Amino acid sequence: MKYLNEYRDPALVEDFIKEIHRITTKPWTLMEICGGQTHSLVKNGILEMLPTNITMVHGPGCPVCVTSISVIDEAIFLAEQPNIILCSFGDMLRVPGSKISLLEAKAKGADIRILYSPLEAVQLAKQNPNKQVVFFAVGFETTAPANALSVVHADRLKLNNYSILASHVLVPPAMEAILSDKDNLIDAFLAAGHVCTIMGMEEYYPVAEKYHCPIVVTGFEPVDLLQGILMAVQQLEKGEYKVENQYIRYVQREGNAVAQKTIQQVFEVGDRIWRGIGNIPQSGYEVNDRYKEFNARLKFQINIPLAAENTACISGDIMKGLKKPKQCPHFGTKCKPEHPLGAPMVSSEGSCAAYYHYAQADVESII
Amino acid sequence: MCLAIPGKILSINALDDTFRTGKVSFGGIQKEVNLCMVPDVVIGDYVLVHVGVAIGKVDEEEANKVFNYLKDMGEVAELVESKEEKIY
Amino acid sequence: MPQNSRVQLQCPMPKFDFDVITLGHGSGGLLTHRLLKSGVFDILKNDVLDQQHDGAVVEMHGKMAFSTDSYVISPIFFPGGNIGDLAVNGTVNDLTMCGAIPQYLSLAFIIEEGFEMKAFWEILVSIKNAATIAGVSIVTGDTKVVEKGKGDKIYINTSGVGLVHPKALIHHNNIEVGDQIIVSGNIASHGMAIMSLREGLEFETNIISDTVSLKSTVIKLIETFGSDIHFMRDPTRGGVASVLNEIAELTQLGFYLEHKSLPIDEQVDAACEMLGLDPLYVANEGLFLAVVKKEIAQPFLTALQNDPIGKNAAIIGEVTNDNKGKVIMKSSIGGKRMVTYLTGEQLPRIC
C-alpha cells in the first residue's frame, strides 16, 4: 500500500538503527505516548534492535486502557436496556468493568454491535427508528472529530434516537501528569502522530519548555518510529529540548482546522478519571450543552456508583512508565489476556498485553 | 492508538459540507469515507483515514523527505567538517 | 471456489408447494414426508441413499479415518461460496489432513422455521457440486426444523470416512528439527471475505473465500512424498498462528517464521490493515499447512505450485531447537517477536 510500505523498508530501517547506535553515548529513557506506536515497536521487533542504553517506556496512549471502570459499567448498563442498541469499536469489548465486560454482556443477550465508524451508528439509528442507538465514543483527540461529526449528522438528520457515551481523553494533560510526578523517569517523548494531525503541535511547546523535555511528533511505521527516536536522542545528546515534527507528511503546526472546529462545536473540556492514574483535571471531552440531547449520560440519566479499581493491578505505574510489566507480581500468572486484572492486559496496545503477546521470546533482552 | 491508513480518492460525492464523502481505495479494497475535514482534496489525492473519516491529506513532497534524511544529515556533517578543516 | 473447479450443474429449482420451511417439515410426520418427497433432496441421489435404510451400509477394508464438523457460519452466503460448500469441503479436508482419501459423508441439517426454500435449494446445489468435485458420496442424512429464534437460519453437520493412504504417516510426533513449514496458498482470504459483509465493518472488495476440496492435491503429494510429509493441518478458525501454536506446544519444538515469506492477497492485506487485524489469526478454508522433511521441501513446493490450488504456495519457516514450545516470527524489518495463541475472537480495533 502506498505511503505505508515504503516506511517499512528493511534497508532504511537498518540505516536508522546504525545511526542511533552511533550517536547514543548515554542512557536515555523515552516514552512513546500512543498505543499504536507501542504496538508497532513490539510487533516489528524494534525494541531489541535499539542500543541497550535506550529504554522505551510505553505511555498511557491507549484509550481502551485508560477508560475508567465506571464508564465501562455505564456502557454495560445502557447495553442491557431492552430498547437500546449499544455500538462500539471492537477494542472496548473485552475490557473488564467492575463485574463483566461488554463481550460477556453481549453473550448474555445485550444488543451490542461492533462498528468501524461512529457515522455508521447514525445510519443504524436512521434504520431503526423504534430503538435507541448509543455509540460508545472513546478515543484520544484523533477520534474526537469523527465522534463529534456523528452528533452533527444526527442533529442535521433530526434523529431523536441517537446519542453518544463520551469518554475522550486528551494527551497534553496526561504528559504533564507524567512529567510532574516526582518519580518521573522520562527524558523525551515521542508524541502521537495522529493526535497531532488533528490538534497540531502548539500545546507541546510550553510542556517542552517547562520540563526541559524534547518532544518529537512521530508516526507509526518502523521508519517513522526510528527517525523519531533518532531525532529525540540527537536532542538529548546535545542537551536540547525542542518540539520537532517527524510526521511531516501529515502533521502541520496548526493541525486540521476543520477537525478542531468540529470538536469544539460538540464537545467541551472537562475533568476525566484515567483508569489506573486517577483524576487528571481538564483532560477529557464531554458533550456540551448545545448538543445535550445527544449526551447519553443525560438522556438516560445514568447513575452508576463509582467502581473501585482492582487494587492488585498496577496499571497506573505501568502507564506512567514507573514500572515495567514484568515487575508486576501478577504478570503472566494471575493476570493474562484470558483473565486480565486490569486494562493494560486486555487491549493489544496495552503495555502488558503487548509484552505478553510479543516479547516473551527474548524476555531478558527486551524487558 | 489511532489506527489510520492512507487511501486514494477514487470519486467524490458532491454533497454538502458535513455529508461530503468519497470512495477511497486502500490497496484495492474500497470504502465510502467522509471527506468534510479535508475540504481541498480532489480525485487522485491520498488521504489519511481513521474510523471512516479522512483526517488529513498526504503531503507528497514531505512524504519523501524521510528517505533522504540520513543522507542529508551526512552531507551537512561533511560540510561542517570541511568548513572546520578550512579554519585550521 | 476457484473458477476452474466449478462444475456448472444445470439444475433448475423444482416447483414446491411451499416457499419456506416450517416446523411441520421436521416433525417426522406428513410434512416431513412431503419435504422428502418434494424432490428437494433428489439432487443428492445415489445408490446408497436410495436404499432408504436408517443408516448407510458400505464396504471398506483397511485403516480408516473418521471426522466430523459442524457449520454455523453467518452470513450463509458469501463471496466465493456458501455454507454448503464449507460443509462438504471442510470435512473432506479434515479427512485429507489425516492422510485419508475421503469417500463417504453424512449430512445433517438443523433448519430454523421460516428458512426460504430458494436458499435451501441453492445450498443443496452447492453441496452436490462440492461433493462431485471432491469425489465423495453423501450416503446418509437427517433434517430437523427448530422454532424461529432457536437457530440461525441453517446449521449443517457433516461427518466423513475415508481409507488412510498406505504411504501416509501424518502425526505431529514425526516433526523434526530442520523440517520446513509450507503453506499452500494465500492466507486469511476466507475470513476477510466474510468480514467484508459484516454489518458495521463492510467494504467493497474482490476478495473471495478460498473454500475448495484439497483431496486431489494432497493425495498426489502423499503419493509422491509419502512419509516425508510429517504433518498437515488446515488452519481454519484461529488461522495459521493457532495451528502452529498447537503443534509447538505438543512437540515442544520451536517454530520459526519469516513475515516476508507469508503469501497474502493485496486486498486481504489492506483489509487487515484497515481493521487492525493480524492475518495470522484470520480463518482460512481451502488452505493447508504442511511440515515436511527438509530434503523434500523444494520439490514438494514445486509440485504444489504446479497444482491449480497451490500456485501461491510458499515455504514460510522452519522447525528449530530454539524457543521450544513457542512460535517466533522475524518481522519484515528484521526484528523478532512471538506469535502467541489468540485469546478469543480477534476484534477490529481503532487503537
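## A helix of chain C against strands of chain B

The buried residues of helix α8(C) pack against β1 (5-13), β2 (21-26) and β3 (29-34) of chain B, together with α5 (189-195) of chain C. Contact here means heavy atoms within 4.5 Å, and buried means under 20% relative accessible area, with exposed over 50% and partly exposed in between (1.4 Å probe, protein chains only). Helices (H or I, at least four residues) and strands (E, at least two) are DSSP runs, numbered from the N terminus.

This is a predicted model, in which local features need pLDDT of at least 70 and side-chain atom pairs count only at pLDDT 80 or more, while totals for chains, interfaces and linings use all residues. Residues are numbered from 1 along each chain as its sequence is written, chains are lettered from A and ligands numbered from 1 in the order in which they are written, and side-chain values use heavy atoms, leaving out hydrogens and water.

Back to α8(C), which spans residues 266-275 of chain C: eight of its 10 residues are buried, so the helix is largely enclosed by the rest of the structure. Those buried residues are Q267(C), V268(C), A270(C), A271(C), C272(C), E273(C), M274(C) and L275(C).

Along the sequence they follow the pattern β-β-β-β-β-α. Of the 88 residues in chain B, 47% are buried. If you take the contacts in chain B between residues at least 6 apart in sequence, 27% of them join residues at least 24 apart.

### Helix pairs

Axes are lines fitted to C-alpha atoms, for helices over the stretch in contact, and angles run from 0 to 180 degrees between N-to-C directions.

| Helix pair | Angle | Axis separation |
|---|---|---|
| α3(C) (residues 83-97) and α4(C) (residues 117-134) | about 30° | 7 Å |
| α1(A) (residues 10-23) and α11(A) (residues 222-238) | roughly 15° | within 10 Å |
| α8(A) (residues 171-179) and α10(A) (residues 204-211) | about 5° | 10 Å |

Angles under 35 degrees count as roughly parallel, over 145 as roughly antiparallel, 65 to 115 as roughly perpendicular and the rest as oblique. A crossing is left-handed if the near helix is turned anticlockwise from the far one by less than a right angle, and right-handed if clockwise. For residue classes, Ala, Val, Leu, Ile, Met, Phe, Trp, Tyr, Cys and Pro count as nonpolar, Asp, Glu, Lys and Arg as charged, and the others, Gly among them, as polar.

In chain C, α3(C) and α4(C) are therefore roughly parallel to each other, and α3(C) passes α4(C) in a right-handed crossing. On the α3(C) side the contact is made by I83(C), G84(C), D85(C), V88(C), N89(C) and V92(C), and on the α4(C) side by I123(C), S126(C), I127(C), A130(C), A131(C) and A134(C). These residues divide into eight nonpolar, three polar and one charged.

In chain A, α1(A) and α11(A) are likewise roughly parallel to each other, but α1(A) passes α11(A) in a left-handed crossing. Among the residues making this contact are F16(A) and I20(A) of α1(A), along with L226(A) and L230(A) of α11(A). By class, the contact has 12 nonpolar, two polar and two charged residues.

The pair α8(A) and α10(A) is also roughly parallel. V171(A), P172(A), M175(A), E176(A) and L179(A) of α8(A) meet Y204(A), V207(A), K210(A) and Y211(A) of α10(A). Seven of these residues are nonpolar, none polar and two charged.

### Buried positions in chain A

T218(A) lies in strand β8 (residues 215-218) of chain A and is buried at 0% relative accessibility. Leaving aside neighbours within four places in sequence, its contacts include Q37(A), L190(A), D224(A) and Y247(A). A105(A), found in helix α5 (residues 102-107) of chain A, is buried too, at 2% relative accessible area. Not counting residues up to four places away in sequence, A105(A) touches I76(A), I100(A), A110(A) and I112(A).

### Cysteines without a bond

The structure holds zero disulfides over all chains, a disulfide being a pair of cysteine sulfur atoms within 2.5 Å. The sulfur of C335(A) has its closest cysteine sulfur in C313(A), 6.2 Å away and too far for a bond. For C352(A), the closest cysteine sulfur is in C335(A), at 6.3 Å, again too far. C335(A) is buried, with a relative accessible area of 9%, and C352(A) also counts as buried at 9%.
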